[in-house]
Amino acid sequence: MAVSEGAIGLPRPQASRAQKALAFLRRAPHLPLLILVVYALVAVFGPWLASYDPTDIGDMNRHAPPMFVAGGSSAHVLGTDHLGRDVFSRLVYGARISLIIGVTATTMGAFLGTTLGLIAGYFGGWVGNLIMRVVDAMLAFPVLLLALVLAVTIGPSFATVILVLGILSWSGYARLVRGQVLTLRNKEFVLLAQIAGCSPWRIIVQHILPNVVSSIIVLATLQIPGVILAEASLSFLGAGIPPPNPSWGSMIAQGRTYVTTAWWTTLFPGVAIAGLVLSLNLLGDWLRDLWDPRIQGAHR
Amino acid sequence: MLNGASSAAAPSEVGILKLQEVAKWYPIQKGIALKRTVGHVRAVDGVSLEVMHGETIGLVGESGCGKTTTGKLILRLEAPTGGQVFFEGLDLNRMSSAEVRDYRRKVQAVFQDPMASLSPRMKVGSIIAEPMIMNLGLPRNEILERVGAAMEAVGLDPSAAPMYPHEFSGGQRQRIAIARAISVNPKLLVLDEPVSSLDISIQAQVINLLKRIQEEHHLTYLLIAHNLGTVRYLTHRIAVMYLGQIVEEAPTEEFFNSPMHPYSKALLSAAMPIRPKDSREAIVLSGEVPSPANPPQGCRFHPRCPSAMPQCSRVAPTLRENAPDHMVSCHLYDG
């Protein structure tokens, strides 16, 4: 074995800044991002966009059709609902409620679930078992029923809805994270971190969490629409956002009865939810790829 | 302890690592609610071994014989269920936290799969720096300096530090893993199949790198491997494991020239000869390795041994010195 060690050059020239920016733009989801920006702007600047107060029943002009349908007028661009409230104004105000609830409740659930999942996966033992049995119970239980009971007990309000939906959505994250931690825990790089003298806390934060974050983000973007729909159900059942306040879910719920005669009261909030869900899912996929240096390398 | 390349690589007579009747039994559990232990997998079952400062000892044997578990016990990744492991005279499982910290600096490891050994979302520089950050308490600029030095020592360009592991080739990744291991100037390096996953040409480079680093840093190596060629080239001494026990231990050249245990002979005959004309008659073992959960009575090798005698199935042989420094555990050498 008279082979010399051999010199090692740089593996690959680094891409220039311009090339990187180009690659980033190429893979960036322009449309979903644009749609989400529009949603966010609408949520922020809603009061300036809406031509009516969302709770104003006006002159009781019930079920006025949208302006582009025969009989419609530009007074109510997207028509009015069964109480004569302007659908467009309610949609605009609803964006704020739906987005805030979706994002905060999901963040809360993701944070809670990830923490518990990391503990259950890395330390295991009876604590881990206990956490996972609670997860099993949560997944077996009709969450909406539990949410309803909790919301009614605490008393329906904006904060209650966020709290209840946040607390009830952690189990999916815990299960996902625990599974990934179990496989990562025995990977050589984790063993080597132990050998280097890293504390369990450092191993979890430095070596395990970065490898789990992408899955959490993807799950979260899939959960936001679920939370928004759950909020809608709660509102419909009278345990969500108290009635006169607009939320897309309660708009659909209320318009449901009149869908054959006044389809616009359900269609527009439905489209709003669908657009948000689709954009979030596309964005989630994109974020996952962005977070994974291996995929990044493959695309460049 | 950064010695120059001039320092001799000859092993000293001072012991650095000592295994005394070390055992690792994993319980086999049955039942869902009330778990009961129905048996044990005896991954390591009474291993005694002494490693001298500055030497390279090879631990060989087929898959599942307990080599890697032995390595994990030495690395304190697992606690033994029996026996003791001593490092510089201290029992690994009775160390104070300060002693553990000192031990963590002095003992490092390199594993088989270099991709799995490197945290995929950490930059190479941070990967190499981690043991130093954890153990040396140096200021940031000094750590960065040492990262560069460690990368140069293993033949990597220090300017590659801000890159991610996936951007390197297999051999380069293994060099990164070695740079990380030697960054804290350890005394003992556990090498668990360090070259088995690399291409042949790269294997030779990494083996030579390991050899040079050992000479420069006066390191002690515990090499776990199944490739006898690698072991012969790198080690001073060899211990052969079979089903969780050491069956033969001898100086490397002595072992290759006159193996004693029938299992060692079979192992050597199965390895490809360096010169094809040298080929000896092959000893082909029959049967499978028995389960370590239920090892055979008497000598563990007797069901497959070509020279088994009646007493082999009844009495377990012990590891005894049969020639100078040559230990073997076999009834053939009882007389």
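Accessible areas here come from the Shrake-Rupley method with a 1.4 Å probe, and for residues only the protein chains shown count as cover. With that in place, hello everyone, and let me start with chain A. Its accessible surface comes to about 14,700 Å², and carbon and sulfur atoms hold 70% of that.

A word on the model itself. It is a predicted one, where local features need pLDDT of at least 70 and side-chain atom pairs count only at pLDDT 80 or more, while totals for chains, interfaces and linings use all residues. Residues are numbered from 1 along each chain as its sequence is written, chains are lettered from A and ligands numbered from 1 in the order in which they are written, and side-chain values use heavy atoms, with hydrogens and water left out.

Back to chain A. Its secondary structure consists of twelve helices and zero strands; helices (H or I, at least four residues) and strands (E, at least two) are DSSP runs, numbered from the N terminus. Of the 300 residues in chain A, 44% are buried, and buried means under 20% relative accessible area, with exposed over 50% and partly exposed in between (1.4 Å probe, protein chains only). Among contacts in chain A with a separation of 6 or more, 73% come from residues 24 or more positions apart; contact means heavy atoms within 4.5 Å.

Let me show you one helix pair. Two packed helices are described by the angle between their axes and the distance between the axes. Helix H8 (residues 188-195) and helix H9 (residues 200-236) of chain A have axes that come within 10 Å and cross at roughly 170°. Those axes are lines fitted to C-alpha atoms, for helices over the stretch in contact, and angles run from 0 to 180 degrees between N-to-C directions. H8(A) and H9(A) are therefore roughly antiparallel to each other, as angles over 145 degrees count as roughly antiparallel, under 35 as roughly parallel, 65 to 115 as roughly perpendicular and the rest as oblique. On the H8(A) side the contact is made by A:Phe189, A:Val190, A:Ala193 and A:Gln194, and on the H9(A) side by A:Ile203, A:His207, A:Ile208 and A:Asn211.

Now please turn to chain B. Four of its strands form an open, antiparallel sheet in the order S2-S1-S4-S5; two strands pair if DSSP finds at least two bridges between them. Strands S2 (36-52) and S5 (90-91) of chain B stand at the edges with a single partner strand each, so one side of each has no neighbour in the sheet. S1 (residues 15-30) of chain B pairs with S2(B) in the antiparallel sense over 13 bridges, and B:Val22 stands opposite B:Val47 in S2(B). Helix H1 (residues 67-74) of chain B lies across S1, S2 and S4 (82-87) of that chain, at about 115° to S1(B).

The other sheet in my talk has eight strands, is open and mixed, and runs S6-S7-S8-S3-S9-S10-S12-S11 in chain B. Its edges are S6 (107-110) and S11 (320-323) of chain B, each with a single partner strand, so one side of each is left without a neighbour in the sheet. From one strand to the next, the twist averages 25°.

How many residues of strand S9 (residues 237-242) of chain B are buried? Six of its six. In a regular strand the side chains alternate between the two faces of the sheet. In S9(B), B:Arg237, B:Ala239 and B:Met241 point one way, while B:Ile238, B:Val240 and B:Tyr242 point the other way. S9(B) runs parallel to S3(B), joined by four bridges, with B:Leu59 opposite B:Ala239. S9(B) also runs antiparallel to S10(B), over six bridges, where B:Ile238 has B:Ala250 as its bridge partner. The hairpin of S9(B) and S10(B) has two residues between the strands, and B:Leu243 takes a positive phi near 50° there.

Let me finish with two residues. B:Gly58, in strand S3 of chain B, counts as buried at 0% relative accessibility. Leaving aside neighbours within four places in sequence, B:Gly58 has contacts including B:Leu223, B:Val231 and B:Ala239. B:Thr230 belongs to helix H8 (residues 228-234) of chain B and is buried as well, with a relative accessible area of 5%. Not counting residues up to four places away in sequence, B:Thr230 touches B:Val195, B:Ile207 and B:Leu223. Thanks, everyone!
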